[in-house]
Amino acid sequence: MGVAPSETHPVSLGRLCARGWSAHEAALWGNRLTQPLVNRNGKLESVSWVEALDLVAGRFKELIDAGKSVGVLGSARATNEENYLAGKLARAGFQTNNLDFSYRALCGPLMAGLEEVCGECTPSVSLNDIESSQTILLIEGDLAETHPRAASAVMAAVEKGAHLVTIIHTATQMSRLASLLLPAIRGNEGEVIDGLLAAVLRLGLEDQASVKVRCEGYHALLRDLETVKITAEMRQAAEWIARATRATFLIPPVSGEGPPSGREAAALATLAALTGHLGRPGSGLLPLLARNNVRGACEMGIVPDRLPGYQRLDDEPSRQRLQDLWGKKLPLASGMDAESLLQSASGVIVLADDPPAVLPGGQRAMAALGRVEFLVVLDAFLTATAQIAHVVLPMASFAETEGTITSMEGRVQRLHVATDPPGEARPGWQVLAELCARSDLGATYRSVSDVLSEVGQATPTYARVGQSENKWVGMRSAKDANGGKFRLFAAEAARVTPAEGSHVLVRDGDFDWGRDPLVAFSPTLSRDYQSERKLFPKGYIEMCKLDADGVGVHPGRPVKLTSVHGEAVVPTRVRTDLKPGVLLVPYAFRDHLANVLGKHSVTAVKVEQA
Amino acid sequence: MVFTIPREGTTKWLEKLLEAGEVIAPVRGPCGDVIFSALRSPSQVLWDFENPLHPPKQFVLPQTDPLIKIKRNGARHEVEPIYDDAPRTLFNVRSCDVAGISFLTQMHEAEPADASYLRRAHNLTIISLACPTPCPTGFCVCTDSGPFLSGGYDLQLTDLGGRFLVEVGSAKGEAAMAKAPDLFRKAAEDEVTQRKALEAAAKTRFGPETCHFGSAMRRISTGRVPDALWEKMADWCLECGGCNFVCPTCYCFSVKDLRRNGAWVRCRTWDSCQYAAFTLEASGHNPRAQRKERMKRRFFHKVSAQYYARDSAVGCVGCGRCVKTCLGSTHMPAVVAAIRKGKWHE
């Protein structure tokens with residue numbers, strides 16, 4: 001078994017990243033679930049499918065009848081069809097909008113910010129478009145590591161002479177290829193974006209036609225940015241952005257604490273709109289999401305206040321359409337998000353998600369999961385969540401099932417079956433269809449195409465997906481939610497500024513690849529992550545040499561960090577490329593600093609010798 | 001000896017070859033790619049095609065290659081080697097890939113010989129199809145591995161229009177012809193002349209990729225590539241490992257145990273010398289922690305005089321696959337040019 005890239009695939013074009021080249025390994029080496037399991041006296045014992053499904057349906061009915069709250073977690077690594085059925089089960093079957101997926105806790109603010117400006121949060125450029133950009137603005141985490149395919153497109157553009165402008169907090173591979181660096185403290189990227197907005201306005205670089213016809217809030221924006229300081233670099237970057245025929249804006253889910261959340265994203269979208277790059281073919285914004293189907297999960301409505309199609313809960317036509325389609329009245333009240341759901345629901349079905357590995361509060365999620373009265377997990381792998389579930393239903397992995405996923409760039413891609421699922425594992429859509437049937441939702445699906453057809457009825461943008469002749473991608477029609485109008489916003493926020501002589505602790509990154517099953521179970525891909533966890537069982541923070549010397553700590557030795565939230569003692573790693581005053585904790589080690597960070601991603605800390 | 005076979009005779013010949021075992025040939029895959037795959041019928045074979053991105057090395061050195069089975073028997077463990085003895089024919093492979101398999105076989109024959117690899121290789125008959133038109137990214141003329149071969153194949157076919165010229169390179173090749181002896185006749189002198197003309201013409205049709213290994217070899221073997229150059233180039237590599245995986249001559253591997261039906265199967269799996277963890281030691285120490293060190297190592301192995309002396313070849317067959325699959329821009333021709341010129345992207 002192995003992987004061979006396809007030159008006819010419109011995204012890969014015969015090129016894969018390391019994760020792609022080892023994608024088959026998790027399916028082979030993963031701790032695969034092969035039989036339905038039920039927890040009896042603390043041990044998972046195998047049972048028949050019928051027994052397991054009846055038990056799940058029966059217990060959920062009991063919980064709902066007893067007036068207890070239940071919910072469903074969908075997944076950024078499940079197919080659209082699986083997510084759609086999970087949503088249907090929650091809304092129509094369990095009559096609740098308690099429906100979410102873990103990674104949304106991180107990407108939610110980004111999507112909200114874009115929606116605020118554009119009226120929708122779909123990307124406006126494709127990965128292939130990036131290659132012909134003249135200017136690329138990147139809020140850099142470590143694109144080469146997190147999104148190698150996007151980094152590849154950026155490299156191709158730079159090779160052709162494009163200006164790459166990076167907003168950075170440490171030196172990275174992409175920053176070394178950049179024409180211009182705009183340093184920012186992590187979490188305060190908004191300051192730089194506001195600087196760019198102010199530079200555009202003061203230099204008169206805005207796209208007049210776009211501002212007049214399509215933008216609202218121009219004068220308020222002028223006012224908001226009156227006092228913003230701009231640097232020579234910001235001026236240069238603003239000129240490159242405004243003068244480019246094609247420009248790309250790449251934005252990762254930068255820390256989204258509020259309120260209001262997603263300000264950086266809104267300001268970046270504003271910059272794109274103001275310079276005429278929104279709505280211009282080949283130009284625009286691309287949110288950088290981790291995992292393969294974040295967008296699909298959102299568009300299937302795995303969001304507590306949205307319906308399929310990412311429509312608002314109170315959008316009457318969408319609601320009516322779903323009620324007619326599913327033959328049930330749907331609940332109106334917003335549901336709980338993933339974190340609250342785990343804290344307070346009595347019955348939870350988790351579809352291919354592992355909240356402790358993904359949520360910012362990993363340990364908190366693990367503790368909450370342990371208190372759930374009835375926990376059901378559908379997954380291909382024995383994750384931490386599956387290990388403590390009351391019922392485990394084994395699913396086919398991505399290599400063993402059919403279905404579609406909607407990529408970061410909004411392309412609906414097809415999965416084909418490469419091999420059979422192990423043991424009694426079944427395709428996820430079949431398991432969810434069985435649960436739907438047991439919840440009195442009459443539809444029968446003969447194949448995954450039947451589910452996709454129903455998705456098309458539920459959300460019209462997917463109506464023609466199945467009709468595509470291309471074996472790799474489906475056709476998805478775009479929508480123009482806001483009539484092409486943009487509302488302009490500044491970020492207006494410097495969240496945390498280190499006071500003289502003190503430090504800020506920043507949670508670095510928004511995803512822990514080392515705990516994604518596809519990486520963790522791949523012998524090739526997991527090596528670095530495992531090694532790091534072995535070497536640093538207590539985690540670490542990164543600090544610059546100057547700070548380490550100031551505190552008087554040797555590399556590898558622990559420091560004591562104290563914030564308003566609490567304290568922790570943690571080993572240090574010294575870097576030469578960090579700004580003084582900034583300490584980073586890798587996302588993978590966030591739980592070791594949970595006391596210090598509280599529920600935040602950036603916080604002021606006092607650093608002392610431990 | 002040189003023979004010909006009429007075009008329409010190839011169907012019959014392939015039917016005979018299929019009776020004797022698996023025949024791997026370039027076919028059109030379900031999504032439109034050209035791939036090497038086991039034939040179901042002779043009509044699937046492609047005769048006019050661009051070389052598949054994925055090389056046929058997977059049929060001698062699979063991406064996941066089971067080597068031994070380990071079973072518990074009471075208090076003892078039983079170890080049983082797994083051999084793949086199935087007779088196979090590689091049909092219509094290109095010259096560069098034949099050279100690649102020759103390179104791999106030479107490597108695996110060196111002591112200690114690799115029995116698992118060699119069983120597969122010895123049961124493999126290689127029938128190549130010479131290239132009258134080089135691939136767009138190929139540069140096999142720089143590595144003496146195409147577009148036509150003078151050895152390494154069991155049979156080499158050349159398309160002469162209505163018929164194919166068949167050059168015999170080994171007894172295995174003769175045996176493959178003997179499956180359908182009536183289809184072959186001795187080649188006429190003008191047919192051999194025609195083949196020579198095709199080869200000469202092919203050599204004039206190469207694309208823009210070239211690789212001046214000679215001068216790069218001098219520099220890299222004598223430590224005259226500045227560290228700063230490796231550092232600069234390393235920023236243009238995205239560490240995907242694709243260059244290793246599609247390379248017909250790369251054979252680096254890891255060993256991993258796979259649990260199957262109550263036993264353990266020890267597998268050799270493709271690995272990439274460009275991955276940081278490839279040389280990671282149990283202590284956490286990594287002798288090649290930085291990417292520039294890994295790149296330097298890769299190209300030293302591929303291009304240096306030290307290895308050339310051992311292998312009698314550079315570790316490249318000029319197929320140009322790395323040019324296509326590189327996620328960054330540090331493929332063989334680009335790096336060899338940078339080593340030769342002492343500069344990158346300037």
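Which strands of chain B form the open sheet of 4 strands, and in what order? Point 5 has the answer; here are my notes.

1. Ground rules. This is a predicted model, where local features need pLDDT of at least 70, side-chain atom pairs count only at pLDDT 80 or more, and totals for chains, interfaces and linings use all residues. Residues are numbered from 1 along each chain as its sequence is written, while chains are lettered from A and ligands numbered from 1 in the order in which they are written.

2. Chain A overall. You'll find 26 helices and 24 strands in chain A (DSSP runs numbered from the N terminus: helices are H or I with at least four residues, strands are E with at least two). Its radius of gyration is 24 Å, close to the 25 Å from the globule rule for 610 residues, so chain A is as compact as a globular protein of that length. That radius is taken over C-alpha atoms, and the rule is 2.2 Å times the number of residues to the power 0.38. The C-alpha trace of chain A spans about 70 × 60 × 50 Å along its principal axes. Of the 610 residues, 58% count as buried (20 or more other C-beta atoms within 10 Å of the residue's own, with C-beta atoms placed from the backbone). As for contacts in chain A with a separation of 6 or more, 75% come from residues 24 or more positions apart; a contact means C-beta atoms, placed from the backbone, within 7 Å.

3. A strand worth a look in chain A. In strand E20 (residues 541-544), A:Ile541 and A:Met543 point one way and A:Glu542 and A:Cys544 the other way, yet all are buried. E20(A) runs parallel to strand E22 (residues 567-575) of chain A, joined by 4 bridges. A:Cys544 has A:Arg575 as its bridge partner in E22(A).

4. Chain B overall. Chain B has 12 helices and 12 strands. Along the principal axes, the C-alpha atoms fill a box of roughly 65 × 65 × 40 Å, and 44% of the 346 residues count as buried.

5. The sheet in chain B. The order is E5-E4-E12-E11, with antiparallel pairing; strands pair if DSSP finds at least two bridges between them. Strand E5 (76-81) and E11 are at the edges with a single partner strand each, so one side of each is left without a neighbour in the sheet. E4(B) and E5(B) are joined by 6 bridges, and B:Ile70 sits opposite B:Val79 in E5(B).

6. Domains of chain B. Domain 1 covers 2-202 and domain 2 covers 213-341, with bounds from an automatic or database domain assignment. Between the two, 33 residues of domain 1 are in contact with 26 residues of domain 2. Strand E4 (64-73) and helix H2 (95-109) each supply at least two residues of the domain 1 side.

7. Where the chains meet. Here 34 residues of chain B are in contact with 32 residues of chain A. On the chain B side, helix H8 (242-246), strand E11 (253-260) and helix H11 (321-325) are the elements giving two or more residues. E11(B) provides the largest share, 3 residues.

Key:
Buried ≥ 20, exposed ≤ 12 C-beta atoms within 10 Å, placed from the backbone.
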